[in-house]
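My notes follow in the order in which I looked things up.

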Amino acid sequence: MGSLGGIPLYVLEFGDELVYFSPYTITLFLLALTFTLLAIVSRPERQVDVAFGGDAYTTKIISVDEMRFRRFMAIACGLASMGAMVTGDVFNFTLFTAMVGITNVGIVAAVKSPHVQDAAYQYGLVALSATVPLFGAAALYAAATGSLSMIELAKGTLPAVPLVAKALLVIGVVGEGMAPFYAAKAEMFRAPGAPYVIMCSLSSLLIFLRVAEVVMIG
Amino acid sequence: MWGEYSTGLLLVLVAAVIGFVALAVETDDLHRLLLLDLVEIAALGIIALLGSDLAEALILPGLTVGIAELLALSQIYVTKENLKDRPVRGLNIEVIQKADAPAVLSAFLVVYGLILSGFTGGGVAALGLVFFFASRGYKEDLEMLEMAGGISWAVWILAFFVFMFLPQYWFIALMCAGVGILIKVMVKLSLSGTVWGERHG
């Protein structure tokens, strides 16, 4: 069990669905939970545009419909992140990561700005193509070791996971929305509404921290 | 040295690479979306190569996530390009609307779907229905279909209760679940195309 991020304090086995809580996953889970709660209770920021060369400025108005949709997407993103943090199954991890990708697009797609829409579309294309290495990696995990359970993989009794499967997994996660690798994602942040947009970044960060644990297993 | 799995994996990866190259060359947004759908199939191919029950169980969520992303992206594309003023009203092709071929093809698909039964059968039968609705520009009330979908879903759930609490009647439950999921999937898939068109039309 040494190669997991700490000894699991609690393992929940529900059929194929395996969830475990180690100090590492609990920390990440609580972080995702906190930010989801913040997204639920906080009100959206009102972005201010300043006109150059003068004192004029305008505040962008966010309609209630738009706010509701984006809040829903932010909560869905938080739930998907929480799932990805505690799941003990490699395929479920890839599914949750793909869902984080979709909800990240959804958070900004409701904004009626051509720049934001275009950036969201391009980002969506990358996220969709990233499901190929993601699911491919999970399939290679299963093909090479015969198991998708991280607990089983960490025991060291199974054959080693091929490096290419781990590499594909990381490429998939990067494709699903690692902020620093994206020009399109930076463009997406033109979208007003602080707590929801921050959810995009936070979910990417959490997924990245978790995938670092996943690739060290097996 | 090369097993069947390795050969299959190589083929699928080559297919994926071809898809990605096409994606890199293409510049039109809509075409890239369509190409992505092709690339996605390569991902399902890698999973399918496992060739076990597990693969079947993994393909379904993979496919669902893929379709969800595709729907979301096409919705963004419609908003982005301001295509709201173009109603969808079936295929306006006179030959297809008048000819018997769509009816024959749809009937074949529905019957074949009934024979397959279960989830796959539902998908095949739904394809027949969608094709029929699309070719005829079907405009009638679809409430009956929706109701049939709801009832079949209830039958499916009931079958699960029988599995759990009265396992000795497993055969009747199996039949109920098979028929229930068949009708549910069939109705749901055929409505998802038709109702959407109605609302925008």
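**Chain B, overall.** I started with burial. Buried residues are 27% of the 201 residues in chain B. I count a residue as buried if 20 or more other C-beta atoms lie within 10 Å of its own, as exposed if 12 or fewer do, and as partly exposed in between, with C-beta atoms placed from the backbone. Chain B has 8 helices and 0 strands. Its elements, read from the N terminus, run α-α-α-α-α-α-α-α. Helices (H or I, at least four residues) and strands (E, at least two) are DSSP runs, numbered from the N terminus.

Next I checked contact range. Of the contacts in chain B with a separation of 6 or more, 64% are between residues 24 or more positions apart. A contact here needs two C-beta atoms, placed from the backbone, within 7 Å.

**Ground rules.** This is a predicted model, in which local features need pLDDT of at least 70, side-chain atom pairs count only at pLDDT 80 or more, and totals for chains, interfaces and linings use all residues. Residues are numbered from 1 along each chain as its sequence is written, while chains are lettered from A and ligands numbered from 1 in the order in which they are written.

**One residue in chain B.** I picked B:Ile181, which lies in helix H8 (residues 170-200) of chain B. Is B:Ile181 buried or exposed? B:Ile181 is buried, because 21 other C-beta atoms lie within 10 Å. I left aside its neighbours within four places in sequence and found B:Ile181 in contact with B:Gly118, B:Phe119, B:Gly122 and B:Trp156. I also checked B:Phe133: it is 48 residues from B:Ile181 in sequence and 21 Å away in space, C-alpha to C-alpha.

**Chain A, overall.** I moved to chain A, which has 8 helices and 4 strands. From the N terminus its elements run β-β-α-β-β-α-α-α-α-α-α-α. Of its 218 residues, 50% count as buried. Among contacts between residues at least 6 apart in sequence, 73% join residues at least 24 apart.

I then looked at confidence. Chain A averages a pLDDT of 82, and 89% of the residues score at least 70. pLDDT is the predictor's confidence in each residue, from 0 to 100. Where pLDDT is low, the predicted coordinates should not be read in detail.

**One residue in chain A.** A:Val19 sits in strand E2 (residues 17-21) of chain A. A:Val19 is partly exposed, because 19 other C-beta atoms lie within 10 Å. Leaving aside neighbours within four places in sequence, I find A:Val19 in contact with A:Leu12, A:Val86, A:Thr87 and A:Gly88.

**Helix pairs in chain A.** Helix H2 (residues 64-86) of chain A packs with H3(A) at an angle of about 160 degrees, with the axes 8 Å apart. Axes are lines fitted to C-alpha atoms, for helices over the stretch in contact, and angles run from 0 to 180 degrees between N-to-C directions. H2(A) is therefore roughly antiparallel to H3(A). Angles under 35 degrees count as roughly parallel, over 145 as roughly antiparallel, 65 to 115 as roughly perpendicular and the rest as oblique. The residues of H2(A) that meet H3(A) include A:Arg70, A:Met73 and A:Cys77.

H3(A) and H4(A) pack at about 180 degrees, their axes 9 Å apart. So H3(A) is roughly antiparallel to H4(A).

**Where the chains meet.** How many residues of chain A are in contact with chain B? I find 24 residues of chain A in contact with 29 residues of chain B. On the side of chain A that touches chain B, helix H3 (90-109) and helix H4 (114-145) of chain A are the elements that give two or more residues. H4(A) gives the largest share, 16 residues.

Last, I checked a pair across the chains. H4(A) and helix H3 (residues 53-80) of chain B pack at about 175 degrees, with their axes 9 Å apart. H4(A) is therefore roughly antiparallel to H3(B). Among the residues making this contact are A:Tyr121 and A:Phe135 of H4(A) and B:Leu73 and B:Tyr77 of H3(B).
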